[in-house]
Amino acid sequence: LVWPSSGPAGTSINVTGTALADSTAPVGSTLFNLLLTVGNAKCSSMRLVRADGGLQTVECILSNGEAGNRYVNALTSAGSAWTKTSTTSRPTSLPDASLAAPSTSTQATFRIVSTLMSLSVINGSVAGGQRMIIMGTGFSHLTDKIAVYFANVRALVVQSNPTQVECIVPPVSTSAVQDKTVQIMVQTNGQSATPKLSFYYLKSLTPQIASISPSSDIQEGTVLTVVGERLGTVGQVRVLINSSSPLPHGCGNEVECNVLTVNSTHVQCRAPARPAGSYSVILSVQGQGHAFVSQ
């Protein structure tokens with residue numbers, strides 16, 4: 001028996017079973033020869049809180065583990081040998097190997113809940129483009145288990161670990177530049193983290209491109225002129241020539257256009273060598289994101 005049945009890292013849980021502690025252990029004693037795991041998360045600060053007949057209840061603090069329904073395993077040691085108890089699934093040679101399938105249908109489970117704590121950036125351009133690190137618990141080190149949404153727009157996840165997810169902020173609009181607040185949802189194994197955090201798309205942080213010239217017959221060394229608003233200052237601006245690849249901006253499929261001059265309304269850069277073809281120009285301002293291209 002495990003109570004409560006769900007919670008995030010840091011939750012105090014009670015596990016009831018048999019042979020969790022030595023029969024002579026007094027209630028209130030700390031248990032050093034017991035290992036409790038919930039999936040891949042270990043419990044710490046284990047303490048015997050109840051002994052009633054053959055049943056014992058142990059209280060412990062859940063460490064960080066991957067979100068989802070997980071089996072609860074208990075291993076006791078005598079010297080260097082570890083032995084399963086009534087709450088384990090099957091013998092394991094390594095105490096950390098606690099994701100094994102249960103041998104019976106009565107295996108105790110606990111649902112680890114993921115949480116969101118903070119964002120490395122909380123506002124930016126309506127065209128997106130910034131790299132954001134989301135801090136929390138219950139994430140996975142496998143990016144294919146993670147999904148990040150800005151409202152209903154899915155973001156590209158670059159990398160992840162149990163406490164951080166790095167993603168690229170997606171654009172919120174392709175038709176207008178206006179302030180908008182969205183909530184960020186992070187899912188691990190299909191389970192949503194709580195609470196949702198807000199991101200603010202701001203017009204004041206959105207560079208805008210009105211025109212780029214020349215727009216054709218560009219060769220290596222051609223000077224491109226970008227005209228617009230809020231285009232940044234020297235040292236803040238990058239101009240990238242992006243191929244028609246389906247990969248999102250920021251994934252390594254761009255080539256730098258060497259910036260020559262910068263002011264808030266004009267940026268000039270020298271075009272790199274590229275094969276013949278059609279390309280998009282991406283202007284990015286540090287701390288703001290990508291420029292919005294006026295239609």
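**View 1. Disulfide between Cys 43 and Cys 60.** The sulfur atoms of Cys 43 and Cys 60 lie 2.4 Å apart and form a disulfide (a pair of cysteine sulfur atoms within 2.5 Å). This pair links distant parts of the chain, 17 residues apart, with Cys 43 in strand E5 (residues 41–52) and Cys 60 in strand E6 (residues 55–62); strands (E, at least two residues) are DSSP runs, numbered from the N terminus. Cys 43 is buried at 6% relative accessibility, and Cys 60 is buried at 1% (buried: under 20% relative accessible area, 1.4 Å probe, protein chains only). The model is predicted: local features need pLDDT of at least 70, side-chain atom pairs count only at pLDDT 80 or more, and totals for chains, interfaces and linings use all residues. Residues are numbered from 1 along each chain as its sequence is written, and side-chain values use heavy atoms, without hydrogens and water.

**View 2. Disulfide between Cys 257 and Cys 269.** The S to S distance of Cys 257 and Cys 269 is 2.1 Å.

**View 3. Strand E21 and its partners.** In E21 (residues 237–242), five of the six residues are buried. Six bridges join E21 to antiparallel strand E24 (residues 280–285), where Val 237 stands opposite Val 285. Four bridges join E21 to E22 (residues 254–262), also antiparallel; two strands pair if DSSP finds at least two bridges between them.

Methods: Buried < 20%, exposed > 50% of the residue type's maximum accessible area, 1.4 Å probe, protein only.
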